[in-house]
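This report describes a structural model with reference to its sequence and coordinates. Please consult both while reading.

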Amino acid sequence: MKAIFKREIKSYFKSPIGYIFLAAFMFFASLMFVFINLSAQTASMSGFFQNISMIFVFVIPVLTMRTMSEERKSKTDQLLLTAPVKITDIVLGKFFAAASVLLIGFLAILSYIFILKLYGNPAVAEIMVGFLGLFLMGLLYVAIGIFMSSITESQVIAAVSTFGVLFFIWFLGLIGLSFSSVLTGALSWLGKALDWILGFISVNQRFYDFTVGTLNFVPVFYFVSLTALFIFLSIQVVEKRRFK
Amino acid sequence: MIEIRNLTKKYGDKLAVDNISFNVAKGEILGFLGPNGAGKSTTMNMLTGYLSLSSGSIKIDGFDILDNPVEAKAKVGYLPEHPPLYLDMTVKEYLDFVYDLKKVTENRDEHLNKIMDTVKISDVKNRVISNLSKGYKQRVGIAQAMIGNPEVLILDEPTVGLDPKQIIEIRDVIKKLGREHTVILSSHILQEVNAICERVIIINKGKLVASDTPENLGRALSNENKFQMRIAGKERDILDALENITGIKYVKSLGKKEEGTIDFIIESEPEKDVRRDIFFSLADAKCPILSMQNMALSLEEVFLTVTKSAESGMELVSDINEEEIEIVGAKNTKDEEEEKVDEGNI
């Protein structure tokens, strides 16, 4: 796992991908910080957190698109799968490498706290909870991206389909709202039920708790278990391909 | 060292490998022959654990590839059909990565330098792999397989893409490796297998059709009593001169390829060497021999022969289509249409 992790990290910064990801992430995050916090002169970052989840939908696919697909395309998967390592180690190595690049971006935007401290009185503990939630959500998106990358040989397809899935997940909350407004009268129970179901699987709903600074066990468990599920699925995709 | 029992691989309904069993002894160099699509690469991919098996079993030094994959894979170095190279790395970085990946315990610099010297890539070790020529890439692929001194080396067409000088070098490397390692190499070049391997396995359409030493296969298959000659003189005179020799089974004229000469294919009775008689007889007829070459069979013909003899006892190649015959060292530059082909049986 260590060897794969090391190679992946190096490869992120040998190709432009690592830089593009970090540049895009920091640029849009800072833009939001400027508009939502600095221009509005507020020390509460909950608005920032609620909006930044959208940025992840665009930048995470860039980070994960080549993780598995490129190995298959360049046939280097033959090296990895015939080496004395487990498939779990291969996928985890790649996951942790992508997570580390994400972490670099995170350490950079943590500096916002210091900027807020210069001009006001931010609730640091609550903001840290928000950052934790944001990071957990990023890890889940990375796991989804790796899974989408594992089912195709093409980076482009991997990127676009990851974007599609993330956008859909992000959108679920909004779709739920419209159900109860469309289904009225006798069908209002159905609208409410759909709202509840979609709300339950909506990432944004789980994420909301973090953004307002409350740390609950359920949303943490939600993100961690879903991340684990997608890593597990990626491993299964690689494993099953050997039997095709 | 390697035990393969009833190995079968199905892709959907298609049988890619059909019930193959064989053993490879420690230190043996085994040649794996077959035309494209015969199942060579599939078999090798299963041996190395890249593909799973549909049924059967593979044991490498006692470790089952399905039950103990990590232990079994640690004993195998594999060069797949396309060398699995990360094109954005330098040669040294790549080999370092493979060294880490395989969790090798030997001294890193010593081990890698020795391998790079063996396959002669030390001079390109700081170059990015994507900029290397195909021959160099192939050699980096071979180096990768050698890292960690695996007891078994599995090489899928190791000399593809190399120039003739490199081919000879790589064959020497493989021969040398064969002294300490068990080597399985696939090829569709019969000469290559002849030059390196102690035993040959031929598969066709997923089935094992022959398994023997190259000498035995060669004796049965390469036709030592058949050769091509270029003789100066008139066709009639030459045929007259050849008619007097006992032991010639048939003579076939291929027509004029060079001004004032005729090319012939001559086959003698088995176990009978008529070359001296032909020389003296033609000398008497004042028809000088300009060239005389034994005919080698291409792998396709070996296949035809092997599969045919499997069906109808031992019947050897006397009626092969002329177009399929490959003449070692001879170049056929003329169009087939221009040749007037007379067949004169004596």
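## Basis of the model

This is a predicted model, in which local features need pLDDT of at least 70 and side-chain atom pairs count only at pLDDT 80 or more, whereas totals for chains, interfaces and linings use all residues. Residues are numbered from 1 along each chain as its sequence is written, while chains are lettered from A and ligands numbered from 1 in the order in which they are written.

## Architecture of chain A

Chain A contains 12 helices and zero strands; helices (H or I, at least four residues) and strands (E, at least two) are DSSP runs, numbered from the N terminus. The radius of gyration of chain A is 19 Å, close to the 18 Å given by the globule rule for 244 residues, so chain A is as compact as a globular protein of that length. This radius is taken over C-alpha atoms, and the globule rule is 2.2 Å times the number of residues to the power 0.38. Along its principal axes, the C-alpha trace of chain A spans about 55 × 55 × 30 Å.

Of the 244 residues of chain A, 40% count as buried. A residue is buried if 20 or more other C-beta atoms lie within 10 Å of its own, exposed if 12 or fewer, and partly exposed in between, with C-beta atoms placed from the backbone. Among contacts in chain A with a separation of 6 or more, 78% are between residues 24 or more positions apart; two residues are in contact if their C-beta atoms, placed from the backbone, lie within 7 Å.

## Helix α6 of chain A

Helix α6 (residues 87-109) of chain A has 23 residues and reaches 33 Å from its first C-alpha to its last, close to the 33 Å expected at 1.5 Å a residue. The expected span is 1.5 Å times one less than the number of residues in the helix.

The buried residues of α6(A) include A:Ile90, A:Phe95, A:Ala98 and A:Leu102. As a group, the buried residues of α6(A) pack against α1 (2-14), α2 (17-39), α3 (46-64), α5 (77-82), α8 (124-150) and α12 (217-241) of chain A.

## Nonpolar cores

A nonpolar core is a set of buried Ala, Val, Leu, Ile, Met, Phe, Trp, Tyr and Cys residues joined through C-beta atoms within 7 Å. In the largest core, of 128 residues, A:Val142, A:Ala143 and B:Tyr94 touch the most other members. Helix α8(A) gives the most to this core, with 14 residues. Apart from this core lies another, of 15 residues, among them B:Met229, B:Ile238, B:Ala241 and B:Leu242.

Leaving aside neighbours within four places in sequence, A:Val142 is in contact with A:Ile60, A:Leu63, A:Thr64, A:Phe95, A:Ala98, A:Ala99 and A:Leu102.

## Contact between the chains

The contact takes 19 residues from chain A and 23 residues from chain B. On the side of chain B that touches chain A, the elements giving two or more residues are α2 (69-74), β6 (76-79) and α3 (91-101) of chain B. The residues of that side comprise 13 nonpolar, five polar and five charged. Here Ala, Val, Leu, Ile, Met, Phe, Trp, Tyr, Cys and Pro count as nonpolar, Asp, Glu, Lys and Arg as charged, and the others, Gly among them, as polar.

## Strands of chain B

An open sheet of four strands in chain B has the order β2-β1-β4-β5, with antiparallel pairing. β2 (14-24) and β5 (63-64) of chain B stand at the edges, each with a single partner strand, so one side of each lacks a neighbour in the sheet. Two strands pair if DSSP finds at least two bridges between them. Seven bridges join β1 (residues 2-11) of chain B to β2(B) in antiparallel fashion, and B:Ile2 stands opposite B:Val24 in β2(B).

Strand β13 (residues 261-268) of chain B is mostly covered, with six of its eight residues buried. β13(B) is joined antiparallel to β11 (residues 226-232) of chain B by seven bridges, and to β12 (residues 248-255) of chain B by six bridges. Partners in β13(B) are B:Glu267 for B:Lys226 and B:Phe264 for B:Ser253. The hairpin of β12(B) and β13(B) has five residues between the strands, and B:Gly260 there takes a positive phi near 80°.

## Lysines with positive phi

Most residues other than glycine have a negative phi. B:Lys103, in the loop between α3 and α4 (108-118) of chain B, has a positive phi near 55°. B:Lys120, in the loop between α4 and α5 of chain B, has a positive phi of about 60°. B:Lys103 is partly exposed, with 14 other C-beta atoms within 10 Å; B:Lys120 also counts as partly exposed, with 15 C-beta neighbours inside 10 Å.
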